[in-house]
Amino acid sequence: MNIIKTQNGENLTVKVEGRLDTVTAPQLDSELKASIEGIKTLTLDFSALEYISSAGLRVLLSMQKLMNKQGEMIVKGSSAAILEIFEVTGFIDLLNIE
Amino acid sequence: MSNEGHVKKVSKRGLSVILIAGMAAVVIILSTMTAYIGFAEFTAVLEQQYNDSAYEVAETAKTYLNPEKFSQYLDTLEKDEEFELIQQRLDDLTNATDCNFIYVGVVDSNYTSTTYIYDSVNSSLGFDRYPLGYTSKDVDPNYAEDLKHIVETGGRAEKYLYSYGESGAHTSAGLAVKNAEGKVVGIIGVEKTMRVLENARAKYVNHVVTIAAIILVIAVVLYSLYLHRTVISPIKDITNEAERFAEDHQTGSELKAVSSKFEIGVLARSVKKMESDIMQYIDNITKITAEKERISAELNVATQIQADMLPSIFPAFPDRNEFDIYATMNPAKEVGGDFYDFFLIDDDHLAMVMADVSGKGVPAALFMVIAKTIIKNHAQLGELSPAKVLMQANEQLCEGNEAELFVTVWLGILEISTGKGKAANAGHEHPALRRKDGKFELIQYRHSPAVATMDGIRFKEHDFELYPGDTLFVYTDGVAEATDAHNELYGGDRMIDALNKDPNASPKELLATVKKSVDEFVGEAPQFDDITMLGLKYFGAEGNK
């Protein structure tokens, strides 16, 4: 998994490439938690994400809760497969998906 | 200590013997070389000195002679008064200068014989002189060259200076004797003993050998004492210490060599450091192992407790013949986050739960215990709406959920008498359904979010209906996401294929078939996620005939 961060003032875009599973999810979790201070808009770019497991969903949920307190979180670029996972797991109702 | 680990005792003399023998060899070689060089130098200087003095004697003797009369003496063989006088002076000179011989003669044209004119012999030798006119034929071939040289150039002999024959060490001098016209008319030869040289040389050799031997002994003794104190004894100490430590793994006494400035000190300090480090490692490993065993024992109990929480006695409802239900859970670790549940809410309502807590291991297992208890409690209070059960469970689980775990749940409540039911899917896998005489298919629809994700979620529920002969199969993602050694997922399609191998099988057989198929697919790869399955076969109100 690769994480590419682009910050523009209070906007932070994080591109996640590869697999977001039990092994890689804690890495994304700590990366995100370390970088969201003062961020109003967190955009997660999932255009290069191949797979997300329940551990990855948990990171999204946790970030969504944090960002609810200080701004908003947007998930964009998800592939059909990822969108299906969001749909099946009901995350489509929890996340702000573009 | 095992036999393999035992260090074989070997002789530790080796090092000192090699070092001291090497030192002795060096001393012996050095003193032999010194002695030889001294001997050669000594000999060369003294030989030169003796030879010079032989020539001085020859020069002196030459002044006594009257070369003009040589041919007269040899022709007549008559000795006159002057002859006798010269003979006497030569004899005196021979004895006074400690020469063996002084002789004067004429050499023939082939340089093979000498005809003597004067011949003085040292009185101590006890030989008779050669008389006037005596011709000695047996000139040593070594002399011949020299004689030729002397006669032809009128100068000195070039070689044959020294001899160490049976007659004792001596040196020879040879000069030409010229008449008033400068013509060579004879030769004068002097042979001077070098007895003093021979004796002095022998003494010198004796001295050198004795002194070298004494130095050798002293040096070897001092050197070995020094070597023993600074190298051998410390190395023996270190070796013994290392050997001892290898045997009993106990900290020993301090090594003396630790304070040494040399590499030995470094070695000793390293050995000591290594010992204390190893002791510490052993200590740590012992503690860790004990801790691990304790945790492992506790986990075993936890595994048992978790297994006991799930209904595991089959047939679960021996007196109900309207349906057959079977379920299994195989945790990936000692305890898992998956669970299934089924229970009768009342005589006519069967609740079925299939759930998966995010994450694995002990945290997931603890969360699973709470989730399972809360869901069952709410359902058993008589709540027949799965959506409401989940909503209440969600509210309770969201309270103080700092770990931010959540749980995907499929909850179905079946009215046994009619086969009609309601189900809610909170982010869980699609159930698989087989209508009588049909094939298993996934029932796909949009799900609600998982339980404990957010406060105040409204869960969706939907109606379903089972007809006699239908089979329902619910499972967790451990089935579809089982992974083989090449990181390939088992996937929903393989699962459906496995279910359809024998669609008429009982739930127990169905689950076994799927598990076997998953195991064959995964092969040697370690199980990564909990694998949990539940199967229900509905026979209708009439029951299984």
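Me: Where do E275(B) and K272(B) lie?
Reply: Both sit in helix 6 (residues 263-309) of chain B, 3 residues apart, about one turn of the helix. Helices here are DSSP runs of H or I with at least four residues, and strands are E runs of at least two, numbered from the N terminus. This is a predicted model: local features need pLDDT of at least 70, side-chain atom pairs count only at pLDDT 80 or more, and totals for chains, interfaces and linings use all residues. Residues are numbered from 1 along each chain as its sequence is written, chains are lettered from A and ligands numbered from 1 in the order written, and side-chain values use heavy atoms, without hydrogens and water.

Me: How far apart are the closest N and O atoms of E275(B) and K272(B)?
Reply: 3.2 Å, in a salt bridge. The rule is a side-chain nitrogen of Lys or Arg within 4 Å of a carboxyl oxygen of Asp or Glu.

Me: Is E275(B) buried or exposed?
Reply: E275(B) is buried, at 1% relative accessibility. K272(B) is buried too, at 12%. Buried means under 20% relative accessible area, exposed over 50%, partly exposed in between (1.4 Å probe, protein chains only).

Me: Which residues are linked with them in a network?
Reply: E241(B), R244(B) and D248(B) join K272(B) and E275(B) in a network of salt bridges.

Me: What does D341(B) pair with?
Reply: K372(B), with the closest N and O atoms 3.5 Å apart.

Me: How many salt bridges over all chains?
Reply: 22. Between chain A and chain B the count is 2. K460(B) with D93(A) is a salt bridge, at 3.5 Å.

Me: Switching to the interface. How many residues does the contact take from each chain?
Reply: 20 from chain A and 24 from chain B, with contact meaning heavy atoms within 4.5 Å.
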